[in-house]
Amino acid sequence: MSVQIWTFVFVFLTFGLYIGIAIWSRAGSTSEFYVAGSDVPPLANGMATAADWMSAASFISMAGLISFLGRDGTFYLMGWTGGYVLLALLLAPYLRKFGKFTVPDFIGDRYYSKTARLIAVFCAITISFVYVCGQMQGAGIVFSRFLEVDITTGVVIGMAIVFFYAVMGGMKGITYTQVAQYCVLIFAFMVPAIFISILMTGIPIPQLGFGAELTEAFGGGFLLDRLDGMSEELGFATYTEGQRSTQDVFFITAALMFGTAGLPHVIIRFFTVPNVRDARRSAGYALVFIAILYTTAPAVAAFARTNLINTVDNVEYSEVPEWFTKWEATNLIAFEDKNDDGRIQYVGDPETNELNVNRDIMVLANPEIAGLPNWVVALVAAGALAAALSTAAGLLLVISTSVAHDFMKRSFMPTITERQELTYARIAIFVAVLIAGYVGINPPAYVAQVVAYAFGLAAASFFPAIVLGIFQKRMNKHGAIAGMVAGFLFTAFYIIYFKTLNPALDNADGWLLGISPEGIGTFGTLVNLLVALTVAQFTPEPPEDVQQIVENIRLPGEAVAR
Amino acid sequence: MSDNSAQSYWKSNIKIVLSLLAVWFFISFGCGILLVDFLDNFRIGGFKLGFWIAQQGAILVFVVLIFVYIYLMDKLDDKYNLETSNSNQAQTQSNSEGDAS
């Protein structure tokens with residue numbers, strides 16, 4: 001069977017599964033719609049969190065990015081996993097004890113202020129929205145390449161599926177489809193990785209194959225030494241050495257960690273477990289499930305890079321393998337015969353380099369590059385779709401709860417009934433799906449960039465406000481509001497300045513202290529903390545009942561707030 | 001629970017969190033970023049040590065840290081008799097009211 005038929009089979013089966021789950025898990029109450037009735041077992045929540053978290057970017061782009069960044073790619077690996085330590089130790093148990101529905105709920109109640117709640121609504125919607133656009137684009141790429149439908153049709157199919165289970169099941173439907181999606185995506189990521197590891201090193205565990213010797217067919221020697229050698233020979237940077245400055249890597253890693261811990265769609269997952277103990281546990285399980293992919297990704301990156309160089313460098317263009325031509329059709333691989341010798345020269349020097357490879361295809365094309373069976377190639381497509389759709393659904397839920405619950409019910413229309421609120425939540429998801437789909441079909445040029453900055457913004461707004469709300473009883477609404485506004489504006493301005501207003505200065509010499517816009521969220525976090533603590537010093541302390549809330553969330557058990 | 005024991009529970013909690021975060025910082029920012037070039041002088045198998053910590057080891061340590069935290073906090077909860085699992089029941093009951101549809 002051809003790749004395309006296999007892909008149809010896998011996509012059809014998995015989508016059928018998701019729809020089946022959606023029908024089985026219809027939501028009847030707002031509690032079910034927002035937090036799955038808070039009775040999700042911690043292991044299931046761990047899987048759902050992992051699928052929620054690992055987006056099209058983790059599945060499709062990350063290994064590819066690392067294979068071009070080499071050791072510098074570390075900031076994605078540590079940044080996107082280390083944040084879970086912060087989440088587990090500083091946020092998840094306390095927010096679960098607090099026991100409401102959303103992040104703006106916490107900000108609004110803890111800082112006893114409608115302004116604070118509305119700022120939180122604004123941040124949550126902005127962050128989630130830029131993020132969801134990237135997912136739709138990812139789904140579009142997969143559809144267009146593997147099913148050979150056009151991107152518009154691809155995005156519409158993706159939208160219809162997400163719409164169906166998100167609107168019907170809310171958080172409950174999303175949670176159990178995410179459990180299924182985790183299984184699909186991890187299987188799809190691991191199978192080719194294991195195949196390639198066996199092929200290249202004879203070791204079935206990619207994490208070990210990564211540090212092992214290549215088989216005779218691949219020329220022997222340690223994989224990484226070989227890769228370093230080939231990179232140097234062709235004029236690329238040495239794979240296992242860093243190119244970026246230490247302070248920049250430091251700041252980017254920290255921004256991704258703080259951002260991870262401040263992303264509303266991840267935080268709300270911890271509202272869905274029964275109690276504080278389970279919240280801690282599910283954070284642990286989530287990181288285990290995430291670590292399986294995140295420790296495999298750098299191995300895949302090194303395998304793919306080695307394989308790519310071996311397969312294409314100095315090869316006759318007329319003799320390139322089939323996958324090469326297929327990907328050329330999507331413009332994600334481009335060959336330009338600069339010296340007219342009919343061979344592909346793939347080298348570090350941009351003057352003589354003849355091959356441009358989009359980093360996004362490294363994972364998608366990897367099984368084909370390695371010559372794996374068709375069903376494995378098709379499996380990757382189903383996995384990438386699972387990753388994109390599961391994250392999109394989680395984000396859309398944040399947008400819908402922010403609108404229906406925080407904006408309407410809690411801020412402006414407190415008298416609406418639960419049934420009305422539920423209707424508004426469904427309408428909000430519907431509208432959000434349509435807008436996200438539109439942006440997925442007509443991506444503004446900056447969307448892909450903006451996704452990376454969602455982390456900086458989350459880091460500079462939510463993370464400090466929530467941590468202070470738990471650990472600093474004296475923190476009042478004035479401090480928190482001033483901090484969030486200062487952190488958000490500082491970070492947004494820095495990013496816009498270098499990416500839009502003055503891109504000419506966007507290099508290590510122009511940056512503040514050598515910190516790139518990707519890493520500025522760390523600075524924004526510090527600005528937020530500093531402003532919040534200073535302002536709180538000079539303004540009245542929070543009322544007694546709010547201090548009582550803080551005392552209460554610090555202790556697990558006893559009264560369950562809801 | 002009395003105010004006093006709540007205070008000392010919170011103090012122990014902070015101590016656990018801070019010591020685990022110290023390890024978290026040391027392994028990721030310390031070994032994975034600041035000391036990475038120095039650690040690259042050593043090797044384990046085909047890996048340079050610093051590179052391995054940055055791309056593999058740190059992630060494994062993160063996982064271990066969370067499970068150590070779960071273990072220590074469970075012990076602390078037990079010491080202060082903060083039984084949380086029975087809240088599960090109360091929770092399910094309060095939710096079932098909304099399930100009428």
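The model here is predicted: local features need pLDDT of at least 70, side-chain atom pairs count only at pLDDT 80 or more, and totals for chains, interfaces and linings use all residues. Residues are numbered from 1 along each chain as its sequence is written, and chains are lettered from A in the order in which they are written.

**Helix pair in chain A**
- The axes of α5(A) and α11(A) cross at roughly 45° and come within 7 Å (axes are lines fitted to C-alpha atoms over the stretch in contact, with angles from 0 to 180 degrees between N-to-C directions).
- The two helices, α5(A) and α11(A), are therefore oblique to each other.
- Residues of α5(A), including A:F75, A:W80 and A:L91, meet residues of α11(A), among them A:V249, A:L256 and A:A261 (contact means C-beta atoms, placed from the backbone, within 7 Å).
- This contact of α5(A) with α11(A) has 14 nonpolar, 6 polar and no charged residues (Ala, Val, Leu, Ile, Met, Phe, Trp, Tyr, Cys and Pro are nonpolar, Asp, Glu, Lys and Arg charged, the others, Gly among them, polar).

**Interface of chains A and B**
- In chain A, 52 residues are in contact with 48 residues of chain B.
- α13(A) gives the largest share of the chain A side, 12 residues.
- That side of chain A has 24 nonpolar, 17 polar and 11 charged residues.

**Chain B**
- Chain B has 4 helices and 2 strands (DSSP runs: H or I, at least four residues, for helices; E, at least two, for strands; numbered from the N terminus).
- Along the sequence, chain B reads α-α-β-β-α-α.

Conventions. Two residues are in contact if their C-beta atoms, placed from the backbone, lie within 7 Å. Angles under 35 degrees count as roughly parallel, over 145 as roughly antiparallel, 65 to 115 as roughly perpendicular and the rest as oblique.
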